[in-house]
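Hi,

Here is the structure I promised to pass on. Have a look at it first, and my notes on what turned up follow below.

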Amino acid sequence: MTAVDFAENGSWQESLRGKTVGVGLTGSFCTMRKVLDELKRLKSVPGVELVPILSENVQRLDSKFGRAAEWREALAAMGAREPILTIPQAEPIGPSACLDVLMLAPCTGNTMAKLACGITDGPVLMAAKAHLRNQKPLLIAPASNDALAANAKNLGMLLNSKNVFFVPMGQDDPERKPTSLIFDAQMLLPALGLAVQGRQIQPILRQY
Ligand SMILES: Cc1cc2nc3c(=O)[nH]c(=O)nc-3n(C[C@H](O)[C@H](O)[C@H](O)COP(=O)(O)O)c2cc1C
């Protein structure tokens, strides 16, 4: 079965049935609604538990794309667990090995850079470090204006890291934002369904 078949025939749902999915949300506010829409679809898969982890910026910043409180309300409305908001709350993800898969969606350039460099100064990064120590899959959905510039080296390091997988991504506006890459929201759940099995969906690069 090809990855495209996997995306189209609903196999991702089977793969995620009954799984506990951590979701690290970071401050790409323009893509937040897309992620929340996909999380709602994910929550409708039987037995799926959603464990949100909010970066400090997601917890406190209002922007033209929405208020900080809105993201929390949307997660609560879809039946996600109480969000993890601090480093001490995220740390037990390591010893308890409670997540089957963790996705960082949306994942900012900032969080990607810190993850690539082993920096753990917030709840999402703590969750990623704790989860990776258990050699379990981490899926990244990048959304960054500098992914093909200052952050390209970090993206490269993560592409070459064990147990790290990517949502397919592409240049969303090559003319006006020539170094920007954004994940394909339609491929988020199929990519997650394969990542939970330790597999990378292909192709990783797509054209918008
Ligand atoms: C309105 C708004 C939209 C933003 N969109 C993005 C984005 O799409 N990608 C990105 O990497 N950073 C974006 N940023 C910048 C991040 O929020 C900023 O780098 C922040 O430090 C990220 O912190 P976090 O990764 O801990 O959430 C945006 C900021 C604002 C105010």
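Let me start in the sheet: strands β4 and β5 (residues 164-166) run parallel and are joined by 3 bridges. I call two strands paired if DSSP finds at least two bridges between them. Ile140 has Phe166 as its bridge partner in β5. Between the two strands the chain passes through helix α10 (residues 152-159), and this β-α-β crossover is right-handed. By right-handed I mean that, with the strands pointing away from the viewer, the path from the first strand over the helix to the second runs clockwise.

Two housekeeping points before I go on. This is a predicted model, so local features need pLDDT of at least 70 and side-chain atom pairs count only at pLDDT 80 or more, while totals for chains, interfaces and linings use all residues. Residues are numbered from 1 along each chain as its sequence is written.

Back to β4. Strand β3 (residues 101-107) pairs with β4 in the parallel sense over 4 bridges, and Leu104 stands opposite Ile140 there. With strand β7 (residues 181-183) the pairing of β4 is antiparallel, over 2 bridges; Ser144 is the residue opposite Leu181.

The shell holds 18 residues, and the closest are Thr26, Gly27, Ser28, Ser55 and Thr108. A residue is in the shell if its C-beta atom, placed from the backbone, lies within 6 Å of the molecule. Helix α8 gives the largest share, 3 residues. By class there are 5 nonpolar, 13 polar and no charged residues. For that count, Ala, Val, Leu, Ile, Met, Phe, Trp, Tyr, Cys and Pro are nonpolar, Asp, Glu, Lys and Arg are charged, and the others, Gly among them, are polar.

Elsewhere in the sheet pairings, strand β1 (residues 20-25) runs parallel to strand β2 (residues 49-54), with 6 bridges between them, and Gly22 is opposite Val51. The crossover from β1 to β2 goes through helix α3 (residues 32-43) and is right-handed too.

Gly22 shows up again in the contacts of His131, together with Ile93, Leu99, Leu102, Lys136 and Leu138, leaving aside neighbours within four places in sequence. A contact means C-beta atoms, placed from the backbone, within 7 Å. His131 is in helix α9 (residues 123-133) and is buried, because 25 other C-beta atoms lie within 10 Å.

Another enclosed element is helix α11 (residues 188-195): 8 of its 8 residues are buried, among them Leu188, Pro190 and Leu194.

Most residues other than glycine have a negative phi, and most peptide bonds are trans. Even so, the bond joining Ala105 and Pro106 is cis, with omega about -10°, and Pro106 lies in β3. The bond from Gln202 to Pro203 is cis as well, with omega near -5°; Pro203 is in the segment after α11. Ala97 has a positive phi near 45° and sits in the loop between α7 (93-96) and β3. Gln135 has a positive phi near 60°, in the loop between α9 and β4, and counts as exposed with 10 C-beta neighbours inside 10 Å.

Last, the overall picture: the chain has 11 helices and 7 strands, and buried residues make up 44% of its 208 residues. The C-alpha trace spans about 45 × 40 × 30 Å along its principal axes.

Cheers

Key. A residue is buried if 20 or more other C-beta atoms lie within 10 Å of its own, exposed if 12 or fewer, and partly exposed in between; C-beta atoms are placed from the backbone. Two residues are in contact if their C-beta atoms, placed from the backbone, lie within 7 Å.
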